[in-house]
Amino acid sequence: MAKTKSGAKGGIAALDQSPSHLLHRALQRALDIYAEEFGDAGITQRQFAVLAAADERDGATQADLVRITGIDRSTLADMARRMMGKGLLERERSALDGRANAVRVTETGRAALAEARPKMAAADGRLLKLISGGGRRTTFVSLLRDLVKTSGPAEPKAPKVKAPKAKAHKGGKKAKKKFA
């Protein structure tokens, strides 16, 4: 039996009903639209998120930006370093916490953000246009906000605890506890 191409009509029921799969596919679609609007020379979607967050929360720490953007700590630290290399951000010790770095958008970063905002609006508009009906669009965005409200990693599963095995002496007899 021949396999159908991805996205062909008559999808796989398990995938067509899977919220996580559908969100992944929606993200792929959104990133494709973003790339078309921004082109190769534009900032990335994640860089836009960091610039927008840092611009709105001037002097935010990198930990603040992790919470705001949902980008993991090590990735954001690497992004911030590269964005500083491009002159988009600058970093200094936080006045409130000497252990933390405060991040500020540079003039170059503000110019890149100003150029990116209409492109992001166009990408968002194109994405929402794929959803018919204005009420559905508002509901969709509201539901996405509900999904990310907790914005932390999924709660870890409790480790399975196995009952300790009784130790045996030579000859297969169970050990007796000695009390002092």
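Predicted model: local features only at pLDDT ≥ 70, side-chain atom pairs only at ≥ 80, totals over all residues.

User: What describes two packed helices?

Analyst: The angle between their axes and the distance between the axes. Axes are lines fitted to C-alpha atoms, for helices over the stretch in contact, and angles run from 0 to 180 degrees between N-to-C directions. Helices (H or I, at least four residues) and strands (E, at least two) are DSSP runs, numbered from the N terminus. Here α3 (residues 45-56) packs on α5 (residues 73-85) at about 85 degrees, with the axes 11 Å apart. That makes α3 roughly perpendicular to α5 (65 to 115 degrees).

User: Which residues make the contact of α3 and α5?

Analyst: Contact means heavy atoms within 4.5 Å. From α3 come Arg46, Gln47, Val50 and Leu51; from α5, Thr75, Leu76, Met79 and Met83. Five are nonpolar, two polar and one charged. Nonpolar covers Ala, Val, Leu, Ile, Met, Phe, Trp, Tyr, Cys and Pro; charged covers Asp, Glu, Lys and Arg; the others, Gly among them, are polar.

User: How do α3 and α6 pack, and at what angle?

Analyst: α3 and α6 (residues 107-129) pack at about 115 degrees, axes 10 Å apart. Among the contact residues are Phe48 and Leu51 of α3 and Leu113 and Met120 of α6. The contact divides into six nonpolar, two polar and three charged residues.

User: Where do nonpolar side chains tend to be?

Analyst: In soluble globular proteins, they tend to be buried together. A nonpolar core is a set of buried Ala, Val, Leu, Ile, Met, Phe, Trp, Tyr and Cys residues joined through side-chain atoms within 4.5 Å. The largest one here has 24 residues, and Phe48, Leu51 and Met83 are among those touching the most other members. Its largest share, six residues, comes from α3. Beyond its neighbours within four places in sequence, Met83 contacts Gln47, Val50, Leu51, Leu88 and Leu89.

User: Is threonine 106 buried or exposed?

Analyst: Buried means under 20% relative accessible area (1.4 Å probe, protein chains only), exposed over 50%, partly exposed in between. Threonine 106 is buried, at 13%. Its place is the loop between β2 (101-105) and α6. Threonine 61, in the loop between α3 and α4 (62-69), is buried at 13%.

Notes: Residues numbered from 1 in each chain as written. Heavy atoms only, no water. Parallel < 35°, antiparallel > 145°, perpendicular 65-115°, else oblique.
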